[in-house]
Structures are given as structure tokens and as C-alpha cells.
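Dear colleague,

Here is the structure I promised to pass on. My notes follow below it.

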Amino acid sequence: MKMINQDTICAIATAQGGAIGIIRVSGPRAIEITSHLFIPVQGKPLTERKPYTLTFGKILSPQGEVIDEVLVSLFRAPHSYTGEDSTEIMCHGSSYILQQVIQLLIQSGCLLYTSPSPRDRTRSR
């Protein structure tokens, strides 16, 4: 499935209340935007890593504050679920941490994806 829109989007991909939360980032700037927030513990920056890898590191605020220690998986177009470059950020599942990471992604250029409501679907028919 290939998306037509050229926006880079982010969304929480897991149910609330779990120990682990996953945030998906997808679009032409997904890897670039994720790499602005994510510092690997060792090795190359995210932009230079191979696809289908999992990297341990930290999400940092613009002030350098550690928001969380995370794992980031990397997928490159066209071999991803959306057909676009994408990342998945696996962090602690607290709503506070998830919202902090989402806000940093939005501030870095992502759009928050919200699925259409049933009412929106009936309007398009």
C-alpha cells in the first residue's frame, strides 16, 4: 500500500496502559525527523544505518534532557508496510512519555495522524 500524501506522519500504534508503547513515523522525512530526536548509544546515526535494524538509544528534548531510553526500528522505502521510509520508536508505555515523544515529533515536522471518524466516512459516500 503506497500513500499518496507527501506528509510525514506520526501516531501511537499501541493500546494505552501497556508496559511498552510504539510510535510509528512514516513518510519522506521519517528517518530524518526521528534522527533529530534519537541518539544511538553506539555506532552510526540513524540516517546511515541499514534497513531492518533495531537500535538502542535515547530520545532527547531540544534542551538535551533524556525523555526515555528506546529502541528504534528502521524501514526504507519501498520495502515497508506503507511503501515509504518509516521508523518505529519503542518506548516505555506511560502516556506521559508517549505524549512527550509525539510532541517532539510534531515540533520536528511530523503531522499527527488520526484515523477518520465513522462520521467522516459517511460524509465521503
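Y52 is exposed, with a relative accessible area of 52%. Exposed here means over 50% relative accessible area, buried under 20%, and partly exposed in between, with a 1.4 Å probe and protein chains only. Y52 sits in the loop between β3 and β4 (53-60). Its phi is near 65 degrees, a positive value in a residue other than glycine.

Some ground rules. This is a predicted model: local features need pLDDT of at least 70, side-chain atom pairs count only at pLDDT 80 or more, and totals for chains, interfaces and linings use all residues. Residues are numbered from 1 along each chain as its sequence is written, and side-chain values use heavy atoms, leaving out hydrogens and water. Helices (H or I, at least four residues) and strands (E, at least two) are DSSP runs, numbered from the N terminus.

Now the sheet. It is open and has 7 strands, in the order β3-β4-β5-β6-β2-β1-β7. The pairing is mixed; two strands pair if DSSP finds at least two bridges between them. β3 (38-40) and β7 (111-112) are the edge strands, and each pairs on one side only.

Strand β6 deserves a look. β6 (residues 86-92) runs antiparallel to β5 (residues 66-75), and 5 bridges join them. In that pair, L71 stands opposite M90 of β6. Strand β2 (residues 20-26) is also antiparallel to β6, with 7 bridges. There, I20 stands opposite H92 of β6. Of the 7 residues of β6, 6 are buried, so the strand is largely enclosed by the rest of the structure.

Next, the loop between β5 and β6. P78 lies in it. A cis peptide bond joins A77 to P78, with omega about 0 degrees.

Last, the interior. A nonpolar core is a set of buried Ala, Val, Leu, Ile, Met, Phe, Trp, Tyr and Cys residues joined through side-chain atoms within 4.5 Å. The largest one has 23 residues; I23, V25, I59, V70, I89, V101 and L105 touch the most other members. At least two residues of this core come from each of β2, α1 (30-37), β5, β6 and α2 (95-107). α2 gives the largest share, 6 residues.

Which residues is I89 in contact with, leaving aside neighbours within four places in sequence? They are G21, I22, I23, V25, T34, I59, V70, L71, V72, V101 and L105. Contact means heavy atoms within 4.5 Å.

Best regards
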